[in-house]
Structure formats: structure tokens, C-alpha cells
Amino acid sequence: MDSETITRALSRIAHEILERNKGAKELRIIGIRTRGIHIARRLADKIQELEGIKPPLGTLDITLYRDDFRRKTDWPSVQKTEIAFSVEEKNVILVDDVLYTGRTTRAAIDAIMDYGRPDFIQLAVLVDRGGHRELPIQADYVGTRVMTVRTQKVEVLIKELDGRDEVIILQLGSPNEAR
Amino acid sequence: MVFEQKHILGLEELSSDEIRLILDTAESMKEVSERDVKKVPALKGVTVVNLFFEPSTRTRASFEIAEKRLSADVLNFTPTESSVVKGETLLDTARNLEAMGASVIVIRHSMSGAPWLLARELSSSIVNAGDGFHEHPSQALLDLFTVREIKKEISGLKIVIVGDILHSRVARSNIWGFIKLGAEVRVVGPPTMIPRDIEKVDVKVHYNIENALEGVDIVMMLRLQKERQESGLFPSLREYSRFYGLTRERLGLAKADVIVMHPGPINRGVELSSEVADDMHSVILNQVSNGIAVRMAMLYLVASGGGSG
């Protein structure tokens with residue numbers, strides 16, 4: 001995916017979110033660290049452009065909710081979660097860059113539940129890597145679907161962090177390096 | 001950055017980067033404490049034992065809340081109600097707890113070095129909750145956290161620690177911590193209560209509180225232990241208070257935005273006048289609530305860090 005396809009996909013997702021949630025009034029957008037945050041911000045901007053309302057934006061760090069706590073040694077350090085609004089009875093759109101095994105999403109759902117009881121939690125991702133789900137989790141809004149093998153890695157580059165927008169598929173030596 | 005340490009025993013052996021990582025992690029933990037549901041599943045299935053050989057209400061309570069907020073299973077073990085009175089050694093007690101599945105042991109002991117003994121002999125992660133006159137890392141880390149929260153940057157600040165430096169593990173840990181993060185550290189107290197050779201670690205010694213307070217950003221008062229009077233280290237509480245007590249007038253010598261800290265429990269009217277303790281410069285209660293976040297960070301990092309995975 002290049003910059004133009006990414007922009008177009010996010011614009012389509014913004015339309016789909018508005019259609020399904022009947023406007024932007026109850027929307028709360030939460031990006032999962034790190035790249036989900038930037039995608040979430042772009043979605044919120046697009047929604048504002050279309051609807052005139054900017055949905056409140058939050059960021060979520062799921063490190064404390066992971067289920068592979070005792071297995072990995074190269075932990076990313078715990079970052080701050082910032083959700084400055086109530087999720088109670090709202091439509092929460094969870095945003096991540098890539099959906100792969102579904103474990104990050106599971107952790108994010110658990111985390112959001114600790115903040116309250118939203119009416120809905122929906123999942124928006126830029127890339128859905130099919131065929132490797134380890135939990136019964138599906139995305140509601142998808143930028144693009146790719147079929148990959150475990151020895152590949154899907155890397156999402158974001159202008160704000162990496163200088164350009166691009167989705168690339170890399171070939172790795174071992175499946176353990178994949179994400 | 002990854003936390004490589006299996007234990008947190010003292011500030012002397014932590015690098016400045018490791019100290020900063022603990023403080024950064026504590027910021028995220030503080031957010032957990034501000035939620036409606038003040039609990040995350042990070043240490044689910046991990047058994048933490050609080051092994052306190054010395055009476056302590058606040059430190060133990062603070063550790064216990066921290067452990068529960070991380071979903072750990074908590075066991076409080078205090079010697080009076082245990083086999084220690086039957087003559088079991090420290091190491092045997094700890095080995096028994098480990099055999100029951102404890103993977104983190106938080107220990108307070110009146111003997112300096114006790115946590116190091118456990119760290120050497122056991123396979124659990126050890127967190128020092130205060131050993132003798134030696135170190136009290138969780139207190140120093142929460143002090144650093146509180147200062148950083150208010151002053152943003154510790155490097156370049158001037159701090160004075162007032163009181164019985166000789167018998168204070170709080171002072172020792174804080175001296176290491178503040179020096180490592182680039183602050184200028186002064187100590188002041190009666191000559192009988194200042195350790196010999198303290199200048200070797202780059203600390204300025206004063207014996208006059210007025211001189212010591214000049215231009216400081218932080219005043220850290222230590223608790224005066226009244227039993228030290230019996231050993232002849234100071235003549236009377238009244239005299240101690242007259243020479244080393246912090247009053248509003250004396251505080252005026254420090255910077256206008258000075259903060260006053262105290263590890264608690266306060267002797268009102270001895271080391272700290274009541275008006276100073278309740279003054280707007282005082283951050284004593286911030287210290288207490290930050291203590292939980294900092295202890296959560298310490299427990300999380302030792303349980304996830306080097307060697308225990």
C-alpha cells in the first residue's frame with residue numbers, strides 16, 4: 001500500500017464508521033500504541049471533515065494486559081494510557097495498524113472494560129493479516145486484507161514516525177520475529 | 001530500554017537509566033491508580049510475599065496495595081506470628097516461602113544487608129523495603145518521582161537533607177538517587193549524626209541549618225528517632241528542635257518555590273513545625289500516594305525483568 005491507497009482506505013473507513021454508528025455523536029476513538037494512535041488521529045480528523053464533530057481521541061497502552069507476560073524477555077516499556085473521557089454507553093472504535101493473532105485486540109478490549117461499559121466496541125485496522133488468528137476476533141473496518149505466511153512481517157510505516165506512509169511485507173528468517 | 005535487574009536492592013547499584021526507567025514506568029502506573037477500576041492483570045498468578053521483620057504500617061500497606069493493583073497474590077508474613085519466634089533463621093524462613101511458590105519477596109529487616117543475603121541464596125526476585133541503616137530504595141524512588149513530577153527535571157536542583165543522616169536508610173538511598181540524577185546534595189544535622197567520610201560521595205556537609213537552607217529547591221526532613229537521645233547523640237528534643245527544626249522563618253531562606261518532603265511519620269513540633277507540615281510547600285501527602293505507583297513499577301519490572309521470565 002502506498003500513501004495514496006492508505007489515505008483512500010482511511011477515508012472509506014471513516015465513511016463506514018459514520019454510516020454504521022449513525023453519525024459521530026457517540027463515537028470515542030481509541031488508538032492502540034504506537035502506530036494505532038496515528039491512524040486513530042487521522043480517522044478522527046477525517047470524521048470531523050465529514051461530519052463537523054471531532055470525536056474525542058484516546059491512546060491505549062496494552063502492556064499491562066498482555067497474556068505472554070512470562071514468555072517474552074524483550075518487553076517494550078510500559079507507556080501511558082490516556083483516556084480523558086468516559087466510555088460508558090459510548091461507541092468505542094478501537095484502532096490498530098495490523099490485526100494478526102488477535103491477542104493485542106483481546107488485551108485492548110479487557111483494558112477498555114476496566115474504564116467502563118461502552119455500548120459497542122468496534123475494531124478498525126489498516127491491515128488484516130488473514131489466516132493466523134488465535135482468538136475469535138474479527139475487524140469491523142479493514143483497510144486491506146493480505147494473506148501472509150508466518151515467516152513474513154507486515155510493516156506499517158507512518159509519516160509522523162517514519163517519514164512516509166507505506167505498508168510493506170518483509171520476509172524474515174524465522175517465524176518468531178514475525179508480528 | 002529493558003530492565004535487566006532481577007532484584008531491586010538499593011539505589012547505589014542502579015544506574016541512572018534504570019532509575020529513570022522505574023520513574024517512567026511509575027507514571028503509567030499512576031494512571032492505573034486514577035481509574036475507576038484500579039487494577040490491571042499484569043502480575044496475575046504471581047505470588048508476592050511481604051516479609052517484614054520490622055514494624056511498618058505505611059510501607060507495608062503501600063506495597064500491599066501496589067501488589068493488589070497488579071493482580072498479584074499477596075501473602076503478608078510478620079515474624080511475631082510466625083516460626084521466627086521459634087528460632088528459625090531468616091534464610092530458612094525465606095526458603096520455606098519460596099518453596100510455597102513465592103516468586104517475589106519484599107523484605108524489611110533491621111540488619112543491613114539482609115536482602116542481599118536472600119538475593120544471593122534464593123531464586124526469587126527480592127525487593128528491599130528497608131534494611132537496617134543501609135538502604136530504603138522504594139522511599140527514595142518515590143521521593144525522586146515526586147520531585148520530578150513537580151520540578152520536571154532533577155538535574156541541577158539543590159536538595160538539603162536535614163536530621164539524623166547517620167542512622168537513616170532514607171537519607172542513604174536518596175543521596176545515591178539524587179546524585180545519580182544530577183542534583184546537588186547537602187546534608188545538615190548535629191555532628192554526632194553525620195556519617196564520617198560522607199564527603200567522599202560528593203555531598204556537602206553543613207552543621208548550621210540556616211546556611212544549609214540557602215537557595216535550595218528541596219528540603220527533605222528526616223524523622224528524629226527519640227530513642228537516639230538515650231544513646232546521647234543529642235541532649236534534648238527541645239534543643240534539637242531549636243537547632244535543626246524546620247520553621248516557616250527558616251524555610252524563607254530557601255527558594256520561593258521550595259518543596260518540603262518528609263518520609264513520615266512526622267514528629268510535629270520536633271523536626272517540623274506544624275505550620276510547615278501543612279503548608280502549601282509541603283508535598284508529604286503527594287509522596288504517600290506516589291508511593292503506590294512507584295512500588296507497582298518496581299514489582300512489575302523485577303517480575304518481568306532479567307532472569308525471572
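This is a predicted model: local features need pLDDT of at least 70, side-chain atom pairs count only at pLDDT 80 or more; totals for chains, interfaces and linings use all residues.
## Enclosed and open spaces

Rolling a probe the size of a water molecule over the atoms shows where empty space is left. In this structure, three cavities of 30 Å³ or more are present. The second largest cavity has a volume of about 40 Å³. Its lining draws on both chains: chain A supplies A:D61, A:L64, A:Y65, A:V78, A:Q79 and A:T81, while chain B supplies B:S28, B:E31, B:V32 and B:R35. By residue type, this lining consists of four nonpolar, three polar and three charged residues.

Four helices of chain B each contribute at least two lining residues: helix 2 (58–69), helix 5 (137–151), helix 6 (169–180) and helix 11 (284–304). The lining of the second largest pocket is made up of 12 nonpolar, 15 polar and eight charged residues.

## A glycine and a proline at the pocket

B:G264 is placed in the loop between strand 9 (259–261) and helix 10 (274–277) of chain B. B:P265 also lies in the loop between strand 9 and helix 10 of chain B.

Is B:G264 buried or exposed? With a relative accessibility of 16%, B:G264 counts as buried, because buried means under 20% relative accessible area. Leaving aside residues up to four places away in sequence, B:G264 touches B:R58 and B:R223. The C-alpha atoms of B:G264 and B:T146 are separated by 15 Å, although these residues stand 118 residues apart along the chain.

In soluble globular proteins, nonpolar side chains tend to be buried together. The largest nonpolar core in this model has 88 residues, and B:I161, B:F178 and B:L299 have the most contacts inside it. Helix 11 of chain B provides the largest share of this core, namely 11 residues. Another core, of 27 residues, lies apart from it, and includes A:L10, A:A24, A:A44 and A:V167.

Which residues does B:F178 touch, not counting residues up to four places away in sequence? The contacts of B:F178 are B:D143, B:L144, B:V147, B:I154, B:I159, B:A183, B:V185, B:I218 and B:M220.

## Buried strands in chain A

Strand 6 of chain A covers residues 152–157, and five of its six residues are buried, so this strand is largely enclosed by the rest of the structure. Strand 6 of chain A pairs with strand 7 (residues 166–171) of chain A in the antiparallel sense, over six bridges. Within this arrangement, A:Q152 stands opposite A:Q171 in strand 7 of chain A.

A:V125 belongs to strand 4 (residues 120–130) of chain A. Its relative accessible area is 2%, so A:V125 is buried. Not counting residues up to four places away in sequence, A:V125 touches A:I13, A:D96, A:D97, A:L99, A:A139, A:Y141, A:V142 and A:G143. A:V125 and A:K90 are 35 residues apart in sequence, and their C-alpha atoms are 20 Å apart in space.

## Backbone features in loops

Chain A also contains a cis peptide bond, from A:R33 to A:T34, with omega near 0°. A:T34 lies in the loop between strand 1 (27–32) and helix 2 (35–51) of chain A.

Two residues other than glycine have a positive phi: for A:E89 the value is about 60°, and for B:S71 it is near 70°. A:E89 is found in the loop between strand 2 (57–60) and strand 3 (91–99) of chain A. A:E89 counts as exposed because its relative accessibility is 53%, and exposed means over 50%. B:S71 lies in the loop between helix 2 and strand 2 (73–77) of chain B. The relative accessibility of B:S71 is 16%, so B:S71 counts as buried.

Terms used:
Residues are numbered from 1 along each chain as its sequence is written. Chains are lettered from A and ligands numbered from 1 in the order in which they are written. Side-chain values use heavy atoms; hydrogens and water are left out. On a 1 Å grid over the protein atoms alone, a cavity is a set of points where a 1.4 Å probe fits but cannot get out, and a pocket is an open set with protein on both sides within 12 Å along at least five of seven lines; lining residues have an atom within 4 Å of a point. Grid points are joined across faces, edges and corners, and a volume is the space filled by probe spheres set on the points. Ala, Val, Leu, Ile, Met, Phe, Trp, Tyr, Cys and Pro count as nonpolar, Asp, Glu, Lys and Arg as charged, and the others, Gly among them, as polar. A nonpolar core is a set of buried Ala, Val, Leu, Ile, Met, Phe, Trp, Tyr and Cys residues joined through side-chain atoms within 4.5 Å. Buried means under 20% relative accessible area, exposed over 50%, partly exposed in between (1.4 Å probe, protein chains only). Contact means heavy atoms within 4.5 Å. Two strands pair if DSSP finds at least two bridges between them.
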